[in-house]
Amino acid sequence: MKTKRFNSIHVLRETYYQLPKFLFNDEFKGLSNNARIAYALLKERHLLSVKNDWVNKIGEVYLNYRREDLEKILGMSNKTVINIFKELKANNLLEEERLGQGKPNRIYLLQISKV
């Protein structure tokens with residue numbers, strides 16, 4: 001692997017996953033870094049969901065994202081990804097809607113508001 005320093009053109013062409021700062025607030029102090037990264041990866045998929053009109057009847061954006069895809073990206077086992085989902089649910093950062101009959105679950109990311 002060859003490396004070189006970034007120039008300004010390369011910096012402007014790079015794409016990044018955004019890791020929300022609120023995930024580091026006191027209320028999420030116990031959240032694992034794996035869960036934080038998974039949330040960022042899932043959040044990035046919102047753009048694809050909007051583009052594909054994956055919106056329920058009341059306008060909420062959902063994700064069609066297989067756990068297997070997250071396993072590959074993160075390089076983690078199915079069991080670890082299942083635990084990450086449980087952790088995100090326990091911290092009120094994710095909800096799933098089961099559709100049944102072999103259909104994939106709809107994944108809803110939850111936003112945090114200070115109201």
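Which residues do ring pairs link into a cluster? Select Phe22, Phe28 and Tyr39: ring pairs join them. Keep in mind that this is a predicted model.

**Stop 1: the rings.** The structure holds three aromatic pairs. Zoom in on Phe22 and Tyr39. Their ring centres are 5.9 Å apart and their planes meet at 85°, so this pair is edge-to-face; the cut-off for that class is over 60 degrees. Now colour by secondary structure. Phe22 sits in the loop between helix H1 (8-13) and helix H2 (33-44), and Tyr39 sits in H2, so the pair ties together parts 17 residues apart in sequence. Tyr39 counts as buried, at 3% relative accessibility. Phe22 counts as partly exposed, at 23%.

**Stop 2: charges over rings.** Select Arg67 and Phe85. Arg67 lies over the face of the Phe85 ring, 4.0 Å from the ring centre. Next, select Arg106 and Tyr62. Here the charged end of Arg106 sits over the Tyr62 ring, 4.1 Å from its centre.

**Stop 3: the core.** Stay with Phe85, which also belongs to the largest nonpolar core, a set of 20 residues. Leu42, Leu70, Phe85, Leu88, Leu93 and Leu94 have the most contacts inside this core. H2, helix H4 (67-74), helix H5 (78-90) and strand S2 (106-109) each supply at least two of its residues. H2 gives the most, with five.

**Stop 4: Leu94.** Centre on Leu94 and show its neighbours. Leaving aside residues up to four places away in sequence, Leu94 touches Leu42, Phe85, Leu88, Lys89, Ile107, Tyr108, Leu109 and Leu110.

How values were computed:
Residues are numbered from 1 along each chain as its sequence is written. This is a predicted model: local features need pLDDT of at least 70, side-chain atom pairs count only at pLDDT 80 or more; totals for chains, interfaces and linings use all residues. Side-chain values use heavy atoms; hydrogens and water are left out. Rings of Phe, Tyr and Trp (its six-membered ring) pair if their centres lie within 6.5 Å; planes under 30 degrees apart count as stacked, over 60 as edge-to-face and the rest as tilted. Helices (H or I, at least four residues) and strands (E, at least two) are DSSP runs, numbered from the N terminus. Buried means under 20% relative accessible area, exposed over 50%, partly exposed in between (1.4 Å probe, protein chains only). A charge sits over a ring if NZ of Lys or CZ of Arg is within 6 Å of the ring centre and within 35 degrees of the ring normal. A nonpolar core is a set of buried Ala, Val, Leu, Ile, Met, Phe, Trp, Tyr and Cys residues joined through side-chain atoms within 4.5 Å. Contact means heavy atoms within 4.5 Å.
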